[in-house]
Amino acid sequence: MTHRALAYLLFTLLLAGVFAWIIAYYFSRKRYDRVEAPKHRMLADDDPLPDSTGSRREG
């Protein structure tokens, strides 16, 4: 095995390890609520619902 092939293999293993660490870090149970909170904030309604009767108040 040449030095070049060995370097390529080690770099690939390093990238796979970093990727596995990122997945384990963000999908761990203790960080789940903190990671998912922005998604739930975006989907929450800020405005009150319109009148359900459909009538408009004109002044």
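How many aromatic pairs does the count come to? I get two aromatic pairs, taking rings of Phe, Tyr and Trp (its six-membered ring) as paired if their centres lie within 6.5 Å, with planes under 30 degrees apart called stacked, over 60 edge-to-face and the rest tilted.

**Ground rules**

I am working from a predicted model, where local features need pLDDT of at least 70, side-chain atom pairs count only at pLDDT 80 or more, and totals for chains, interfaces and linings use all residues. Residues are numbered from 1 along each chain as its sequence is written, and side-chain values use heavy atoms, with hydrogens and water left out.

**Entry: the overall build**

I looked up the secondary structure and found two helices and zero strands; helices (H or I, at least four residues) and strands (E, at least two) are DSSP runs, numbered from the N terminus. Helix H1 covers residues 3-26, and helix H2 covers residues 32-43.

Of the 59 residues in the protein, 5% are buried. I use buried for under 20% relative accessible area, exposed for over 50% and partly exposed for in between (1.4 Å probe, protein chains only). The protein exposes about 6400 Å², and carbon and sulfur atoms supply 61% of that area; accessible areas come from the Shrake-Rupley method with a 1.4 Å probe, and for residues only the protein chains shown count as cover.

**Entry: the rings**

Back to the aromatic pairs. Trp 21 and Tyr 25 are stacked, at 5.2 Å centre to centre with 25° between the planes. These two residues are four apart in H1, so about one helical turn separates them. Trp 21 is exposed at 54% relative accessibility, whereas Tyr 25 is partly exposed at 26%.

Tyr 25 also pairs with Tyr 26, this time edge-to-face, at 5.0 Å centre to centre and 85° between the planes. I noted Tyr 26 as partly exposed, at 43%. The ring pairs link Trp 21, Tyr 25 and Tyr 26 into a cluster.

**Entry: charges**

How many salt bridges does a search of the whole structure find? It finds one, using a side-chain nitrogen of Lys or Arg within 4 Å of a carboxyl oxygen of Asp or Glu as the test. The partners are Lys 39 and Glu 36, at 2.7 Å from N to O. They sit three residues apart in H2, so about one helical turn lies between them. Glu 36 is buried at 16% relative accessibility, while Lys 39 is partly exposed at 41%.

Next I checked Arg 31, which lies in the loop between H1 and H2. Arg 31 is buried yet has no salt bridge, and Asp 33, the nearest side chain of opposite charge, is 12 Å away. Lys and Arg count as positive here and Asp and Glu as negative, with His and the chain ends not counted. I did find a polar contact of 3.5 Å between the side chains of Arg 31 and Tyr 25. A polar contact is a pair of N or O atoms within 3.5 Å; within protein, one must be able to donate a hydrogen and the other to accept it, and residues adjacent in sequence count only if both atoms are side-chain atoms.

**Entry: one more loop residue**

Phe 27 is also in the loop between H1 and H2. I have Phe 27 down as exposed, at 60%.
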